[in-house]
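Subject: Structure for your review

Dear colleague,

Please find below the structure I promised to hand over. My notes on its core contacts and charged pairs follow it.

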Amino acid sequence: MKIIISNQSELPIYAQIREQLKEQILNGQIPEGETLPSIRQLAKEIGVSVITTTRAYSELEQEGFIATMQGKGSVVLATDNSLLREQYLLRIEEGLSTAIETARTMGMPKKELRDIFDNLLET
């Protein structure tokens with residue numbers, strides 16, 4: 001498990017941790033049933049506060065990626081295909097929404113935006 005924190009990122013540190021852990025869970029780098037480092041251990045390893053790692057773990061738990069058991073730590077839960085698909089669909093929707101918003105801001109015609117989309121699909 002590798003977490004890289006960037007001070008240049010727009011995301012807060014807890015969100016960077018959450019997103020990197022989520023990505024590693026979704027792509028199988030952190031398998032189902034694996035115990036994550038303790039909140040304190042992870043905080044120490046990456047040089048952030050315990051509060052920061054607590055928030056990242058808490059949000060991962062709320063999203064159904066991990067379960068925290070008193071005295072045993074946080075364990076990666078099974079990710080069924082529907083959860084995986086939903087997470088990827090959400091990313092696609094967010095990316096497309098950002099692109100559409102940018103196109104509207106600059107007054108780009110729909111046809112030009114569709115042409116860009118079609119060209120990207122073909123590559």
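Leaving aside residues up to four places away in sequence, Ile 66 touches Ile 25, Leu 36, Tyr 57, Leu 60, Glu 61, Ser 74, Val 75, Val 76 and Leu 77. Please bear in mind that this is a predicted model. Ile 66 also stands out in the largest nonpolar core, which has 16 residues: together with Ile 17 and Leu 21, Ile 66 touches the most other members. Helix H1 (13-26), helix H2 (39-46) and helix H3 (50-62) are the elements that give two or more residues to this core. The largest contribution, 4 residues, comes from H1. As general background, nonpolar side chains in soluble globular proteins tend to be buried together.

Helix H1 also holds Arg 18. This residue counts as buried because its relative accessibility is 13%, below the 20% limit for that class. Beyond residues up to four places away in sequence, Arg 18 touches Ala 56, Glu 59, Leu 60 and Glu 63.

Turning to charged pairs, side chains of opposite charge can pair when their charged atoms come close. A search of the whole structure finds 8 salt bridges. In one of them, the side chains of Arg 18 and Glu 19 meet at 3.0 Å, N to O. Glu 19 is partly exposed, with a relative accessible area of 25%.

Lys 22 forms a salt bridge with Glu 63, with the closest N and O atoms 2.7 Å apart. This pair links distant parts of the chain: Lys 22 lies in helix H1, whereas Glu 63 lies in the loop between H3 and strand E1 (66-69), 41 residues apart. Lys 22 counts as buried, at 6% relative accessibility, while Glu 63 is partly exposed, with a relative accessible area of 28%.

Which residues are linked with Arg 18 in a network of salt bridges? The network also includes Glu 19, Lys 22, Arg 55, Glu 59 and Glu 63.

A further salt bridge joins Lys 111 and Asp 115, whose closest N and O atoms are 3.1 Å apart. Both residues lie in helix H5 (residues 110-122), 4 residues apart, or about one turn of the helix. Lys 111 counts as exposed because its relative accessibility is 57%, above the 50% limit. Asp 115 is partly exposed, with a relative accessible area of 33%.

Yours sincerely

Methods. Residues are numbered from 1 along each chain as its sequence is written. This is a predicted model: local features need pLDDT of at least 70, side-chain atom pairs count only at pLDDT 80 or more; totals for chains, interfaces and linings use all residues. Side-chain values use heavy atoms; hydrogens and water are left out. A nonpolar core is a set of buried Ala, Val, Leu, Ile, Met, Phe, Trp, Tyr and Cys residues joined through side-chain atoms within 4.5 Å. Buried means under 20% relative accessible area, exposed over 50%, partly exposed in between (1.4 Å probe, protein chains only). Contact means heavy atoms within 4.5 Å. A salt bridge is a side-chain nitrogen of Lys or Arg within 4 Å of a carboxyl oxygen of Asp or Glu.
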